[in-house]
Every structure is written in structure tokens, then in C-alpha cells.
4 protein chains.
Amino acid sequence: MKLPVRVDENELAARLERFGIETPSWGYADTGTRFGKFLQDAAATTIDEKLADAATVHEYTGCCPSVAVHVLWDFVPGEDPPAVARKAAALGVRLGAINPNVFQDQCYKFGSVAHRDPEIRRRAVGHLLESIDIGQAVGSGLLSLWFADGTNYPGQASIRQRKRWFQDALRQVHEAMPDGMAMLVEYKPFEPAFYHTDIADWGMACAFARHAGPRAKVLVDTGHHLPGCNIEHIVAFLIDEGLLGGFHFNDRKYADDDLTMGSIDPYQLFRIFHEITAAEQEAGRDLDIAYMVDQSHNLKPKIEAMIQTVLTAQEHFAKALLVDHGLLATARQRDDVVLAEQVLRDAFATDVRPWLAEYRKARNLAPDPLAAYRDSGHTQRLAAERKGRKKDEGASYA
Amino acid sequence: MKLPVRVDENELAARLERFGIETPSWGYADTGTRFGKFLQDAAATTIDEKLADAATVHEYTGCCPSVAVHVLWDFVPGEDPPAVARKAAALGVRLGAINPNVFQDQCYKFGSVAHRDPEIRRRAVGHLLESIDIGQAVGSGLLSLWFADGTNYPGQASIRQRKRWFQDALRQVHEAMPDGMAMLVEYKPFEPAFYHTDIADWGMACAFARHAGPRAKVLVDTGHHLPGCNIEHIVAFLIDEGLLGGFHFNDRKYADDDLTMGSIDPYQLFRIFHEITAAEQEAGRDLDIAYMVDQSHNLKPKIEAMIQTVLTAQEHFAKALLVDHGLLATARQRDDVVLAEQVLRDAFATDVRPWLAEYRKARNLAPDPLAAYRDSGHTQRLAAERKGRKKDEGASYA
Amino acid sequence: MKLPVRVDENELAARLERFGIETPSWGYADTGTRFGKFLQDAAATTIDEKLADAATVHEYTGCCPSVAVHVLWDFVPGEDPPAVARKAAALGVRLGAINPNVFQDQCYKFGSVAHRDPEIRRRAVGHLLESIDIGQAVGSGLLSLWFADGTNYPGQASIRQRKRWFQDALRQVHEAMPDGMAMLVEYKPFEPAFYHTDIADWGMACAFARHAGPRAKVLVDTGHHLPGCNIEHIVAFLIDEGLLGGFHFNDRKYADDDLTMGSIDPYQLFRIFHEITAAEQEAGRDLDIAYMVDQSHNLKPKIEAMIQTVLTAQEHFAKALLVDHGLLATARQRDDVVLAEQVLRDAFATDVRPWLAEYRKARNLAPDPLAAYRDSGHTQRLAAERKGRKKDEGASYA
Amino acid sequence: MKLPVRVDENELAARLERFGIETPSWGYADTGTRFGKFLQDAAATTIDEKLADAATVHEYTGCCPSVAVHVLWDFVPGEDPPAVARKAAALGVRLGAINPNVFQDQCYKFGSVAHRDPEIRRRAVGHLLESIDIGQAVGSGLLSLWFADGTNYPGQASIRQRKRWFQDALRQVHEAMPDGMAMLVEYKPFEPAFYHTDIADWGMACAFARHAGPRAKVLVDTGHHLPGCNIEHIVAFLIDEGLLGGFHFNDRKYADDDLTMGSIDPYQLFRIFHEITAAEQEAGRDLDIAYMVDQSHNLKPKIEAMIQTVLTAQEHFAKALLVDHGLLATARQRDDVVLAEQVLRDAFATDVRPWLAEYRKARNLAPDPLAAYRDSGHTQRLAAERKGRKKDEGASYA
């Protein structure tokens, strides 16, 4: 296949080697909408199954060495967290970001660390502190925080009071983190809160991160923005402020649709990666960013969807690495808008799939991991094995 | 209290008398988001409880004589539908719109009447036909159709093929309806489908209604529009086309948030009502529109939230009836934008609550139904009675 | 270059031959925003210059044989329209859609065919009728109607009354059209009207087209939709209803940004073309659709931007022609969401630029028309020639 | 008229006394859209006329003592700025915020302080420094900065490089400001830039303000947000961060529509004011916030529209002052969502117009300033006087 002549294929391959994508344990389980879940026989229900599935994705793609875990769903109280880490290791993956859960319990109906009841706030902070312990126990360096906190109706609570409770809680959690651990603060404009969400946008996440301490950074979930938002602009801005901590990747058309990465707007994904690779090119080193998937593919088979996502990420990261930075700089220096845009479009239009097939073959991977996985019959085997044990009924809206 | 002098208070009262609001059975049950449900002790679980709660709302407000029912959740297969109607009658309410459910079953994962499998399409149409039978059996004149049908990913299905399946199904259902029954076709831009929804907007609902037959009309759910959409424009347009069948009322800030009516944008609600009352004033008669509530107040207590909603509807309908149509016409005739707008603003700014208190007293209702209900201790009694029977666990996201 | 083996390259080339793109005369003139215009020395000011520029674009791309004209800006009152047509012919292009202007005159401040003053309505309709005459005189078969009509404030006018005036006007215009002429009805949600726009969405355009008569169709301007709108769904729906008349192509990120085609969301453009080519594949014939550009590239040089746009259109139409309809049907028949999506993605990911270069060479065109044009120095020559004659000052916001 | 018993009417009146609203000089001139301007005979063209009109608004409303001025449009180069201040004083008003203009000149086509050409950046900063001088010369304490800087196409410029240029420029300007002057940094998501705007949201404005220095604050223009954005949340957050500097008030339905204040969503306006009055109630003092109008009422007569806006502001600020903070706190303490919301709704539903009429009478103002102004025939007199001098032609789109 032909890549633009000026691209150093060894450098390209080397950078891709260092481009690891973390998949989430909950991405292998059944999820749905408020109208119910459509269940899959092959979906995972236990942490063992989730880790096995994550390992399968890594086996086929070669670039998903870690698995984000969810404290409430993946660690049985009383059980030994290192045991989970050992299971992962045995499967060839390791545990990545620790995701606490302070939104599912009935006690969190009106908030967690911003609940008006100090008892609930203590309980929520307690869970966050336990999550740090789990993280240390399993050797994870990332505490990834998403809060559903917010209100549904005007007047329901004091926005400023809740802000201060958030600041207190995050400062407390930051203090408790060991040196090697970083905190990622995620933002989201709405859902499940429908009037105001306490951490609604990147500006608020930034403010909370700054109040918390130097190892707090911002987590960008690509689906958590209002319509029209220029996400790559936020990414570039955060890079320059030294506050970009990581991503939750997925795609969307309307709200937080949690579709698989790049399925709706692949050019946006390319542009986000371009902001990163351009900054890396200037800095002469990789940026320290956690690339994580967080999507809810409730119609697509779980492992297939995850492989598809990972390949999409690789493809678009590779395209971003094709951008001719020299020509781009020249075009910009001349205010040559057409040429500058064309440099990006040329990289995006380049079909990198044949090159990636070669790249994979050289690493003893299937040239087309999705086709290889589909041909393997693995999903069918999982379905047969796991089918009987399902007890979730898909729930009912009302 | 002072209403504008030119308003005929008797006419106002008479029109309000004819302004009935239907509440939905499922509005008394626990609902939630994909992240789970927050359960309420006092929420209804059986059809008996739902009818009782609807009757309570009617008892306090005096304007909610009917209850929309949901076939899957309210009618036990094999049970006698007229028995449900008799229970309602005994409680002082009647059954209203019949709402089929062709979205919850696992078989509807890829669609119902637009599923590619003819067997599923037949099953879905079968359920719609049964719903007509139930409607006839309980004396309902309205078949209210909402379809979750759609796709999540580009390419997933043929949009045009599915359109034709929809046309066929709705024509078939229309043919099966008895003379006195009308079909309402609801539209929604997204959720639970996230790439394309088969009936995505009012234009599509219109097209399907026209293809189905003369007794098919469009149902406007106020929360089912893209950001910025001018809903009152659609309402006015549908009135003029003779295709406005009814409403599902709720409010929203972001997506289909299903907040209680008027909680976010009360002026929009007023403007919607103004389009209706203005058309009625011109026509010299009431328009035949079904006013129904469909909201998901998962933080507010169910009955309280419903009473609050109903009072909001009454208040804003009354405000719309205060609009000075003569002065409005004069202002428009002069292109006097400021005056024309001021006519609407004056009506909206008028505090109709004191007058409504008098209006209610004259009808042996509490002047402030919400306060009266809250003082009654009814929710607390229901909570004590119903608490033990809950089995729903609130579900889990993953 | 490699195209997928199953593609018949002759058929592909033949279909591209029949894929003509009309460029607009006003796309060669200076345009701007309400904050002013940034002027270009090379921009066209007279109809002669605009036609010359359109001919240049056709010369380089080989697929832009016609030019949309704007009655107010391109035809001097009293002048002979056929003279303009002859000038075009002499340059190797022909006149395409006729675009009346009933929005610029001060008399249209409160509307044109929906103005409350019958005198203004008559004047507006009169201009539309004259536009038909011009169309006949110059041999155009398309009357392309965009109305700025609407209101800025609630209450300003009767929405339903204006709707009826619109119906009357369009019916009158339809009646006056000769047999071979079609009317395209464009819709737009907002701007310049900011509260309600009389033809706000495709559903309204459809209703007006049906009221007008059988030769009225809907014009889809890709930038005229609310955030999140699924445009390809509308396109598919209109095709099935027999009401898709044509396109105004441009791209957008926020509102009606009028950026060059495919610059923000190229995958959406591909999906729109896919709906068309899929319908053509089923029908076994080309659909009768007018493909027109309407964008406002106020930073990019005019001719360059237009060539870039045209190449983008060709590229994405070619990609759409690569879709494997057989495999897509198989995937859909199996509810194989991943495979069905993959069929679309594979076509989109294919780099068609090398094949298009060959295609062009075979037609005596430059393999890369944009590079060839940029190398030609033509813009610089135009700038030198046209510079002196500018009198527009770019205007001021206030 | 009846206000809730617990409201101290003297306090209410006293707070309203201190609620001054600044009107903008350019709000009295003809403005429009990119499709042209609709001209008004009575619109102002010179600074003398604008000041006279602002004085008229203050004369009728009693609460608009200052006028925001625009350096490019209001100060003729070479003229003596204090002379303008003296004219204002003679008319009974004073000059308020100084608004530089680094967006209209042709040289700013690709940016101002973020232009890649250091010469343009210097020129832009130079204009900002001159604006400080003008501010000092006329006794203004506010430098209000809005930048149109941004890009229209992906790749056009380095987002991070431009960010750093912005930081440099604002730091330089901050350093040049005298002690008593504050800098307001305005943000806007898009228009006139359509791909990325350098200061796109409040988070970016915050970051730039922090980089600039302690007297830099954020300016919230109510029309400058993406769809669905919770503006009152941002306001509350900025108050808590000590960074809320002021407002540009207007209303919108779609994009930056610049409609008159409260014309589309009056409840949102009330909620914004509630966040302010609640914070003031807690702090026991007024917050230091500049309340300024910035709207473009191109259909409404200028002075009428401004009076209407000012009355709307007063009405909704008064409503916000009616909120029962004690009851609100109680409701929140009990997680009583319905009651908490009801406290806000009750204040909003209260008709404060009769009380405001009394309030005005006690201050020798007309009880209904809009009616009084309309009855005065002033617009007609201005139209007669100013009509002849118009030379603006309304411009043309292309």
C-alpha cells in the first residue's frame, strides 16, 4: 500500500505501538436504555467473564492491554481485589482505571458528594477513598470520577452550596491519593440530571481539578457535550493548560447516545487525534493521556463492537499521524485556508487499512481482526456457555 | 382578583370546564433513567393503585376525568378489560387513550412493525389490533401509537423499506378501527433509537397519518423535538392542516427529559395554548384535541407532581384565554411588533391564581389543590400501605 | 489504484458522467456575515464575471455545466435575459435554476408572499411570475424558491393566516409555470427570521408543495436543519414520497454556517449520497434530482473553494457508488448490525482519489483540478484585473 | 397591588433603585442580518443621536443612567473623547463600558490579537490600549472585550498558538489598565467564525481572565451559548469563583438571535436573576456586576424596544427579589423538590406590574413608561428629523 512518501513508516509503527486503548469491563455486559435492555446470550455477567472478553479483544487487536474496572459491579465486597488483578494478569491484561460508583444506590437519589445530608456525603467520599485503596491494591494509577449529581428542577438545591461540597470532597480524595495516582474528573451536561448537573462542562471540571490538587486532570467523554460543541478545541485548550487527563471514547448524534466510536462522525475523531499528535510533534514526546473506551453498544455483539471500536481508533490515530505538519505550517503562514484544510483532508482521505494489515501481520496479529474474530465462532461459543445463567429480565420502563 | 376588564369570566370558566386533562396510568408508577430507578414507597404498581391515584388527582383538581392506559402494563392477559373500566368508573374516572406496547419485548430489538422479519411485524400488528379490541371493550375512542422503531447505526436497515412497512401496518390498523375511534401517531427524533427513528418528526407522522386514513392524526409530545424547534408553529400548522390529534405534555431542557409540564419553559406552554385558543376563537368552537400528560417525574412524589402539572396546565390555558384578540389583530394590521408581542406578554404576566382559587371554590374544590393534597397526608398513608409490596430493585446500568 | 473488485468501473464512470453539479452565480461574489464582508480582489461583481468564473470551474472539473442565477443580482431590469443565456453559452455553460429574490427590498421587512399587506403580496408574486418568464426566456426548467418570510417575536403575526397566504401564492405560481418547469420549495428553520420561519422544515415544504401542484418538489439545503437532524433520513423519506427535487449543498457545524461542502462532516455527505445511489440501484435508473451548491466561502478564494467543493462532491458520490448493495442486503437480512455498518464504512474508507485522477485524465482534465487551478495563476490575474472596480466597503454591523 | 406579605417593600424598592441597566449606543442604530438591514427613519446614526436616544430611555425608565460606547463607531479619530462624555452628561447620562472594535477592518479577516501576522496583532493590541486611554479620558471603569477571532475550517490555524497569542495580548492590556478599571472577557461559541472561536465558552473566558490578571472578569452574553446550556448554572459558578463581571442581555431561540430580553424565555431570565439575588442575600451586599443590554432589534423601533427591554429586566429582577429564601431553604433541607420549585414559581407567577407602576409614580416616572413613550409621538418626530440624512442602503447579501 502507499502511504505519503514523506511519512516515516517506522516512526508511524512505533507511535502506534505506544497507542494503547483501555476497554471497560462494563462494555462486555448487557446495557440498555430507560425503555429496557435487549439481552445478549454472549454478554458477560461476572468479572471473570468481563476480563476474559477484554483479553479476547486484546488478543485480536494487540493494543488493549488494560481494562477499566467498576468498583460496584466488579469487586464483590469482602473479596480480595488483588485476586482480580491476578486473574487479569493470567489472561494477559492488567487492570486500568478504577471507577467508583456513587450513583446507583437509592441513597444517592438527591446526590452523592453534593447531597445536602452530611451522612450521605460522608458515605460517598468513603466509597471514593475505598476506591483509592482498591486502586493501590491492584496497582492502578488512575481514579476515574464520574458523578451523576445534579438536580431535575429549578430551585431544587443551591448550586453554589453543592459546588462547595464538591470542592471539599475532591480535595479530600486528592489528599488521600498516593503519589503515583492521578484523578480524572469527568463532565457531562445532562442525564441522569435534567435541570443542572454539578460538573456540567469542561470549565467546571477544570475548576474542580484545580481546587482538588495537581494530580487532578480533566476526562473528556466525547459524547458529553452540547450540540455543535467543538470538542477538538477543548482538547487543544486542555493540552495547553496541562489539564488533559484522558478520554472516554464513543460517538453520538443527539444526546449521550454512547454509540461505538467513529460511527457517526469519524472526521471529528480524526480532528481530535490531530490536536494530540500535533501537540506531540511540537513537544517531541508523547502526551500522557489515558485513552479509554466507554460506550453502550446494546444492539451490537459486545466483543465485535469493541474490536470494531479499537480498529477505528487505530485507523484514525494513524491517519492523524499522516498529517504533513511542515506543509500545514507553510499554508498557515500564508493564510492559505484551502491548502491548510487540504492537508488535513488528505491525511483523512488516505486509506490506511492496507498498511495497518501489514503492520498487524508483522506483529503476528490477524490483518483484519474483526473478520478474524467473526470467523472464529467465539461469540457463538460464549452464547452457548453463558446463555443459561441469565437472570436479568431486561427491566421495564414503568 | 382582577382580570382584564374585557374578559368574560363566565366564558372563561365555561371554557376551563371543557378543558379536561388526561393523566397516564404509568405516571403513578416508578420510572427512571438507564442508570436506574429511584423507588418511591407510595408509587403505584397495580392497575388498581394507578386508577386510585388518577382518581385522587381528579378529586383534587376536578379536571382529570380520564386515564390513559397501557396495554402491556395495565391489562393482564386473559383478564377481562371491561372489569378495568368498571373499576375506573367506580373510582369516578374513565379509561382514555389505549397505548399499545411494541417496544419492550426482546423480540422488538430490531423493530416492531418495521422489523425485517415478517413474523415480528405480524406479531406487532397483532398487538395493535388487540389494543383496538381492548379499546372497544372499555369504551375508549383513542388509539395512541408510539413506536420505538429505528436504527442505531448507519446502514443497519433500509430506511425506505421500513417506511413502507410502517405504511402497511398503519393502514391495516386504521382499517380495523371502529368508526368512533381515532388513531394518534406520535413522533420522536431519537431515543431509544440513536441513528434514525422511523417516525422522527411531525412531517413523517403527517405522512403516515395520511397514508393510514382519515381518522389518523398527529400526536405532539412536547418533549420530542430537536433543540430550538418552534413547537407552537408545528401546532398551528397541524391545526390548519386538520391533523392535530392531541398532546403528550411534559417539559424538557436537553433531550426527552420528561420533566413536569411548564417546569422549564412556561412561556412556550402559554404560546402553544395561545395557538389553540386563537384558532378556537376564530372557529367559534372548541377544537377536538386530546390533552394528555406523559412525563416521568422520578424525583417528585407521583400524585403531587401530577397535581402540580394539572394546575400548571389550567393556569396557562387560562392565561391564553386572556389574550386580547381584537387588540392583537389591530397591532398586526399595523405591523406593530412591539404591541402585538405586548398583548401576549400581558396575558402571560397576569397572575390568574387568585381567580382560579375562586373558580375552584365555586366548584367545591380546594382553592389550592396542591397545598390541600400535601396537607392531607395521603402520600404518607399510601407509602405505609404500599411499601411492603415493592419488589423492583431499581435495576442496574450494566 | 484499487477499487473493490466487484465494482464495474465503466458503470461507475458512466454514473459520474451523469452527475452534474450546478454552481451558483452568487458563489463567485463577495459575501459575509452581519459583522461585515471581507472583500476579495478576485471576486466577481457582474454577471459576466460570475459566468466566466463558473465556466472556469467547469473547465477544470468537467462536471459543472450549469449556473444557478439570481434574478435580482444577475438580471438588470430592462435587459434582455436571453443575452445572459447567450453569454453563458459562449463560455461553455448554461443557465440553471432561476432564483427569485423577495427578501432584500425594504418593502419585505415583514414578509413577502405572507406579508399582511395585499399590495406587497402582489408585488412578491409578481416578481415570482417574472422569474418564470425569465426562466422560459433563458431555457431554464427550474424555479428555485427560498423565502426569508417569518417573524421575530411571539405574537407578531398569525402563523396560520400566513400559511394560507403562502398556499395561495405558491398555487398561483405553480399555475403560471410552463409544463417543462419544476418548482423547488426550500425550507430553513431560522435566519433571518428568529422566532418563526414560514417554511421552517421539510414537512412544511412538503405540505406547500402538495398544495401548489404536481411539479412542486422540496429543496434540501444541507445547512438548513436543527442540531442533530438526520438529513439522510429526510432525503430517503422524500425520495419515497416522490418529492425530492434537489439540493443546496454546503456544510455547517452550528447554524446555517454555509461552509464548503464536506468540510465539517464528510461522512454525512456520503450517507446522503448513499440514500440516493441505493434508491437508484433499486429503481434501475437515475433519480431526477438537481444537485446545486449554495455556500458562502467568505474566507476562501471563490473559484478555488468552488473547485474544492465540486471535487468533494464527486469523491463522495463515487464512494457511495462503491457500496456493496448485495452484501448490505445480506447483512440486514441477518440483523447483522456490525457487518451492515461495515459495508458503508468500507466504501467511505476507500481512497477514490487515484481512480478519479485516472478518470479525469481519460477525459482530458487535470488529474488534480484544484492543484492545476492553483498553479495556473488565474486568481492572481483576476485580482489584478478586477481590483480597481470594487466599491463595496464591506459594510458595518451598526 | 398585593405582594407577598413577607416582602419588605422598602427593601425591594431600594434594591431596584440600585439596579441600573446600561444601554448600548449601537442599540439605537440600524442593524441587520447578513441578508441586509431593514432601515428605520428614526434610527440614530451619529453619537449625538445615540446619546440622545439613550437619554430618552433613561428619562422614561429612570434606571438607565449609563451608555456603553463603541470606539470605532462612536469616537471619530482625532476628536476629543471628553467632549463625548460632556455631551452625555448634558443629556443626563454618562458613558459606561468602552467597547473596542478589532473585527470590522479588512485587516482582521484572519484574526486580531490572534492573527498570525505580528503586525496585525500589534495593531489590534494598539487599538485596545487606545481604548483604555479613551476609557480613562471619559471616566469609564470598564473595558468590555469581544473578539470575533476564530477560524472557519479545520486546519486553518493552530488553536494552541492562537491561545497563547490571546494570553499575551490580554496580559499586556491588563497591565496597561489603570487601577480603577476592570476588563470584561466575553465568550461566544460561533459567528462570525464557524469552525472554532478562540474564546468559545465561559471556561475559556475564565482561563484567559486568570492569565490576564486580577481585574479581568467574565462577561456573560445570554445569547452566546450552545443549545440547552444552563446559563444560570454558569452564572452561579462564576459568582462562586469571583469571576462574574457582567452581562450582555438579549434573548434567543436558535443561535445568537439578539432578540429583545425576555422575549423568548422569560423564566430563564428570572432564574438568572434569582442566582444573583440569592447570592446577594447570602452575602448581605450587592454583587459588583455590570448589567448591560446588547441586542439587535432590527424589526422593532429602537427606543421602544429598549424601553420594553429595560422594563422586562426590572420586572424580572423584582420577581427574583420576591423569592422566599427562608421557605426555599426549608424545602431544600427536606429534599422537598416540589415545594422548592414552587417557591420559585410563585415568585415568577406574581404580577409585579401594578407594584412597579406605584414604584414609578413615587419617582415621578410614568407608571407605564412604554405606553407613555408610545403616546408621546417621539419616534415620529425623530423619524421626520432624521429621515433625510440616511445614506446606508441596507446592503446586499452578495
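## Close-up views of a predicted four-chain model**View 1. Helix 5 of chain A and its buried residues.** The buried residues of helix 5 of chain A are I120(A), R121(A), A124(A), V125(A), L128(A), S131(A), I132(A), I134(A), G135(A) and V138(A). Around the axis they cover an arc of only 165°, which puts them on the same side of helix 5 of chain A. P118(A), E119(A) and G126(A), on the other side of this helix, are exposed. The model is predicted, here and in every view that follows.

**View 1. Surroundings and length of helix 5 of chain A.** The cover over the buried residues of helix 5 of chain A includes helix 3 (71-74), helix 4 (81-91) and helix 6 (159-176) of chain A. Strand 5 (94-99) and strand 6 (142-145) of chain A also belong to this cover. Helix 5 of chain A runs over residues 118-138, and at 1.5 Å a residue its 21 residues should span 30 Å. The C-alpha atoms at its ends are 30 Å apart, which agrees with that expectation. G139(A), just after the helix, takes a positive phi of about 80°.

**View 2. Strands 4 and 5 of chain B.** Strand 4 (residues 66-70) of chain B pairs with strand 5 of chain B in the parallel sense, over 4 bridges. Within this pairing, H70(B) stands opposite N99(B) in strand 5 of chain B.

**View 3. Contact between chain B and chain D.** In this contact, 21 residues of chain B meet 21 residues of chain D. On the side of chain B that touches chain D, helix 9 (266-283), helix 10 (302-321) and helix 12 (337-349) of chain B each supply at least two residues. Helix 12 of chain B gives the most to that side, with 4 residues. By class, the residues on the side of chain B that touches chain D are 10 nonpolar, 4 polar and 7 charged.

**View 4. The rotation axis relating chain B and chain D.** Two copies of a chain are related by a rotation about an axis and a shift along it. For chain B and chain D, a rotation of 180° with 0.0 Å of shift along its axis superposes the one on the other, with an RMSD of 0.0 Å. That is the relation of a two-fold axis. D351(B) comes closest to the rotation axis of the residues of chain B, with its C-alpha at 2.7 Å. The same surface serves both copies, as 100% of the contact residues of chain B recur in chain D.

**View 5. Contact between chain C and chain B.** Here 43 residues of chain C are in contact with 43 residues of chain B. Several helices of chain C each supply at least two residues of the side that touches chain B: helix 6 (159-176), helix 7 (202-212), helix 8 (231-241), helix 9 (266-283), helix 11 (325-333) and helix 12 (337-349). Helix 8 of chain C gives the most to this side, with 6 residues. The side of chain C that touches chain B has 23 nonpolar, 9 polar and 11 charged residues.

**View 6. The rotation axis relating chain C and chain B.** Chain C can be laid on chain B by a turn of 180° and a shift of 0.0 Å along the axis, with an RMSD of 0.0 Å. The C-alpha of chain C nearest the axis is that of G203(C), 2.0 Å from it. The same surface serves both copies, and 100% of the contact residues of chain C recur in chain B.

**View 7. R160(C) and its contacts with chain B.** R160(C) is found in helix 6 of chain C. With 17 other C-beta atoms within 10 Å, R160(C) is partly exposed. Leaving aside neighbours within four places in sequence, R160(C) is in contact with A236(B), I239(B), D240(B) and A279(B). D198(C) is 38 residues from R160(C) along the chain, and the C-alpha atoms of the two are separated by 9.4 Å.

**View 8. Helix 14 of chain C.** In helix 14 (residues 369-376) of chain C, the residues P369(C), L370(C) and Y373(C) are buried. Seen down the axis of helix 14 of chain C, its buried residues fall within an arc of 100°, so they line one face of the helix. These buried residues pack against helix 2 (47-61), helix 10 (302-321) and helix 15 (378-386) of chain C. G377(C) follows helix 14 of chain C and has a positive phi, near 75°.

Methods
Residues are numbered from 1 along each chain as its sequence is written. Chains are lettered from A and ligands numbered from 1 in the order in which they are written. This is a predicted model: local features need pLDDT of at least 70, side-chain atom pairs count only at pLDDT 80 or more; totals for chains, interfaces and linings use all residues. Two strands pair if DSSP finds at least two bridges between them. The expected span of a helix is 1.5 Å times one less than its number of residues. A residue is buried if 20 or more other C-beta atoms lie within 10 Å of its own, exposed if 12 or fewer, and partly exposed in between; C-beta atoms are placed from the backbone. The arc is that of the directions from the helix axis to the C-beta atoms. Two residues are in contact if their C-beta atoms, placed from the backbone, lie within 7 Å. Ala, Val, Leu, Ile, Met, Phe, Trp, Tyr, Cys and Pro count as nonpolar, Asp, Glu, Lys and Arg as charged, and the others, Gly among them, as polar. Copies are superposed by least squares on the C-alpha atoms of residues with pLDDT of at least 70 in both.
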